Amino acid sequence: MAGWNQTDLASMSQTEFLLLGFPGVQESRFLLFIPFFCLYLLIITANSILIYTVRVEESLHAPMYLLIALLLTVNLCSSSTFVPRMLLGFIFDLSHISLGGCLAQMFFLYFFIMLDCNILLLMALDRYVAICSPLRYADIMTRKYLAKLSLAAVVRSISFVSPVVILASKVHFCHSNVIEHFVCEHMALMSLSCGDIARNKIVGLTMRAITITFDLGFLLTSYCRIIRAALKIASGNIWHKAFHTCATHLMVILTTYLSSLCSSIAYRMGKSIPGDVHNLISVTYLLLPCVINPIIYGVRTKEIREHLLKLLKKRGLVSIPFKWVATSEQR
């Protein structure tokens, strides 16, 4: 890095680090700014539009749509924990970060990833109650109960992420201060340690295993029961709507967990794949759900799509006849 000599790096190795997201293309890293800036702009625009649509339309203040808006808000927050800094690094060479800043970034990144998964669990619970106990849905899924569930999701996220970050803060770093990653990822930071990090690895792996086992078990059980209950519904229209809604949620779940699986496989392969390829897979895992989720919910959720088109037409941004909405739904 220009402007940093070896003495400076050695003296700051305990308290300051350099994030090198794509070390193989450092000479032309400014070229990476354009695609990632456009992608971040798309994330902000798409998620914000749908969040605003749910916010201003009172008919979309039902639990299902509020949870969708909450998920999209988390998408915005998770991408914003690292993309702005990564973009600044591409064009202004602002790649240095303090240990405190690194740990804070690690905490918020993992917190929002965990919260994203927790909201998917709440969505599964919401659909389970709506389809398996439709007569009691309004009494069970009240705003007060939804607020309690959301608070529980936040507490669960903090309780699972905090031990990993706290243990990381106690590690002594005395090797290179160059993190060959675009974000302060846990194992990327731990690779610079000079002490025993077995406890860090065990705690991190345990938290991940518990989360994946419980979450996938809960999701699988919930949607199996939902599908079984939906198959017993006599009305074809209600049956179709139930499956359509569940399929939408399942698409989001698959996007989240499959991208996470690909990133984990890439990490386990270690040095068998180039660092730049590994980082590209990691950034895809982190940003793909943020891009795909608003598209899935904006296109496949009839009520959101209708109100979105109304809102855009009212502001003169689209001139599509509103009857197109009904036509597209029948297809």
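Reader: So helices here are DSSP runs (H or I) of at least four residues, numbered from the N terminus; which helix gives the most to the lining of the second largest pocket?
Author: In this predicted model, that helix is H10, which contributes nine residues to the lining of the second largest pocket.

Reader: And how big is that pocket, in volume?
Author: The second largest pocket has a volume of about 670 Å³, and of the 25 residues that line it, the closest to its centre are Arg-127, Lys-241, Ala-242, Thr-245 and Glu-303. By class, its lining divides into twelve nonpolar, seven polar and six charged residues.

Reader: What about the largest pocket, what's its volume?
Author: Its volume is about 1200 Å³, and among the 44 residues lining the largest pocket, Tyr-110, Arg-208, Ser-260, Ser-264 and Tyr-285 are the closest to its centre.

Reader: Which helix gives the most to the lining there?
Author: For the largest pocket it is H9, with ten residues, while the lining as a whole has 24 nonpolar, 14 polar and six charged residues.

Reader: Switching topic: what order do the strands of the sheet have?
Author: The three strands form an open sheet in the order S2-S1-S3, with mixed pairing. Strand S2 (96-98) and strand S3 (178-179) each have a single partner strand, so one side of each is left without a neighbour in the sheet.

Reader: Which helix packs on the sheet?
Author: Helix H5 (residues 99-132) does, touching S1, S2 and S3, and its direction makes about 85° with that of S2.

Reader: In what sense do S1 and S2 pair?
Author: Strand S1 (residues 16-19) pairs with S2 in the antiparallel sense over three bridges, and the bridge partner of Leu-18 in S2 is His-96.

Terms used: Residues are numbered from 1 along each chain as its sequence is written. This is a predicted model: local features need pLDDT of at least 70, side-chain atom pairs count only at pLDDT 80 or more; totals for chains, interfaces and linings use all residues. Side-chain values use heavy atoms; hydrogens and water are left out. Two strands pair if DSSP finds at least two bridges between them. Helices (H or I, at least four residues) and strands (E, at least two) are DSSP runs, numbered from the N terminus. Contact means heavy atoms within 4.5 Å. Axes are lines fitted to C-alpha atoms, for helices over the stretch in contact, and angles run from 0 to 180 degrees between N-to-C directions. On a 1 Å grid over the protein atoms alone, a cavity is a set of points where a 1.4 Å probe fits but cannot get out, and a pocket is an open set with protein on both sides within 12 Å along at least five of seven lines; lining residues have an atom within 4 Å of a point. Grid points are joined across faces, edges and corners, and a volume is the space filled by probe spheres set on the points. Ala, Val, Leu, Ile, Met, Phe, Trp, Tyr, Cys and Pro count as nonpolar, Asp, Glu, Lys and Arg as charged, and the others, Gly among them, as polar.
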